[in-house]
Amino acid sequence: MGIATYGTNAVDWEQRLDFDRLRDERLARLKAKLDESELGAVLAFDFTNIRYMSATHIGTWAVDKLIRFALLVRGGEPIVWDFGSAAKHHQLYNPWLDYSKAESDADPHGPHHGAKMTQPSGARAGISTLRGAFHPDAGIADEVARKVRAELDAYGLLGDPLGVDVIELPILKALQDAGITVTDGQQVFLEARRIKTRDEIGLLTQACSMVDAAYDRLYEFLRPGVKENECVGLVSKSLYDMGSEFVEGVNAISGERCAPHPHVYSDRILRPGDPAFFDILHSYNGYRTCYYRTFAVGSASAAQRDAYTRAREYMDAAIALVRPGATTADIVAVWPKAQEFGFADEEAAFALQYGHGVGLSIWEKPIFSRLVSFDHPEVLEEGMVFALETYWPAADGWGAARIEEELVVTATGCEVITKFPAEDLLVAGQRYFTVGGALPTLRDSQSHLNTSIGRGESTISTP
């Protein structure tokens, strides 16, 4: 990866992340993948694809609205349609979307940058259907299609397929009624995003470093009596205080809720001896984390420690295989079959022994799963960033362990960028002392099993 240093601020006295380079290299990758495809253009409604293409952002409230859209035509530059006030802001503060300086180079004959010649800014006012909230007769979908068709016509691309990532049915119909052939464009975006640039890797590393710190604060906080939702609040505040753009989610799972894994936190109160695992998903300048760690509260049973050891060994076996040229099939081959840990098949156990690319969203290419990777293996390449996650239920039928590491594929292997300690099970919370010394941190949760009589070792008679 070369020499790099990171910080949440830009400074004049060190070479850190280069956002101009980030924007240029992302767009260049997307253009290259578009040129390799059979598509004439790609149209994005997916928030992360719009950001990758245009480097615009209006807040995470818009993630699920499908209200903004962006277009990249073959041979052209990105155009993003947004709320009018947001578009005006882009025009003022996003100079990379102002194409007026390139007008003198445009060829007025044949395929040309028609959009540039009529509207120099690539940021324009325009909205979609608000997921159907607009009255269907308001003509919003038809107006979206008109805008897109005008750009395709200017470039002579009306006869070529238009790739779209996600789309609402009224928009799809309006585009088709406008004479546009619509097909899947998501693969073009995901192929472009598969290999990360140096600055993307830097942002992903910075995002992980913030979670490192959040886990340190969580480790100090865990004790009997706190609730899962309090842990979520602590982690969220810690991340926002450090400059997180968006805490996408915090899984907080404890005690009997660990097996099966419910994937959602509750108001459960932590108790002595509880297992507790967490997944922290947040965004720093758009780049996500997916980062599990498991703790024991006060102490851990032998069954819980064994479960953790098993999950760690599966993780380490997978990491040892990561290098350019290896495949996703190679990785999942060292993970257990679904039936080995209590599930009927791989679909039922999906995402427990799992891997996925991480970037502007948490599940990108490549995907690692016994469900698909043997039949459709993907080759690992230098510059990929992905997370590997393992799970194992405790033999007592109560607890479980969950571990996740994020990796960057290097020229000779990989680098782990999730740094909070996970080599062995950590015990959090107050240490207790008996008359004989420190209370062991490896002990059965049922207190009578921790005594000689409870274990059947005493020589005294009992009734």
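Modeller: One term before the numbers: buried area is the accessible area (1.4 Å probe) that two parts lose on being put together, summed over both. This is a predicted model, where local features need pLDDT of at least 70 and side-chain atom pairs count only at pLDDT 80 or more, while totals for chains, interfaces and linings use all residues. Residues are numbered from 1 along each chain as its sequence is written, and side-chain values use heavy atoms, with hydrogens and water left out.

Biologist: Fine. How is the chain divided?

Modeller: Into domain 1 (19–103 + 117–193) and domain 2 (195–428), with bounds that come from an automatic or database domain assignment. Their centres, taken over C-alpha atoms, are 34 Å apart.

Biologist: What area is buried between domain 1 and domain 2?

Modeller: About 1,600 Å², and carbon and sulfur atoms give 52% of that. In contact terms (heavy atoms within 4.5 Å), 16 residues of domain 1 meet 16 residues of domain 2.

Biologist: How many salt bridges between domain 1 and domain 2?

Modeller: Four, where a salt bridge is a side-chain nitrogen of Lys or Arg within 4 Å of a carboxyl oxygen of Asp or Glu. The rule for polar contacts (N or O atoms within 3.5 Å; within protein, one must be able to donate a hydrogen and the other to accept it, and residues adjacent in sequence count only if both atoms are side-chain atoms) finds 10 residue pairs across the interface, both residues at pLDDT 80 or more.

Biologist: Which elements supply the domain 1 side?

Modeller: α1 (19–36), α2 (47–54) and α7 (186–194) each supply at least two residues of the side that touches domain 2; helices here are DSSP runs (H or I, at least four residues), strands likewise (E, at least two), numbered from the N terminus. The largest share, six residues, comes from α1.

Biologist: Which parts does the pair of Phe341 and Trp392 tie together?

Modeller: Phe341 lies in the loop between α11 (328–332) and β11 (354–357) and Trp392 in strand β13 (residues 385–393), so the pair ties together parts 51 residues apart in sequence.
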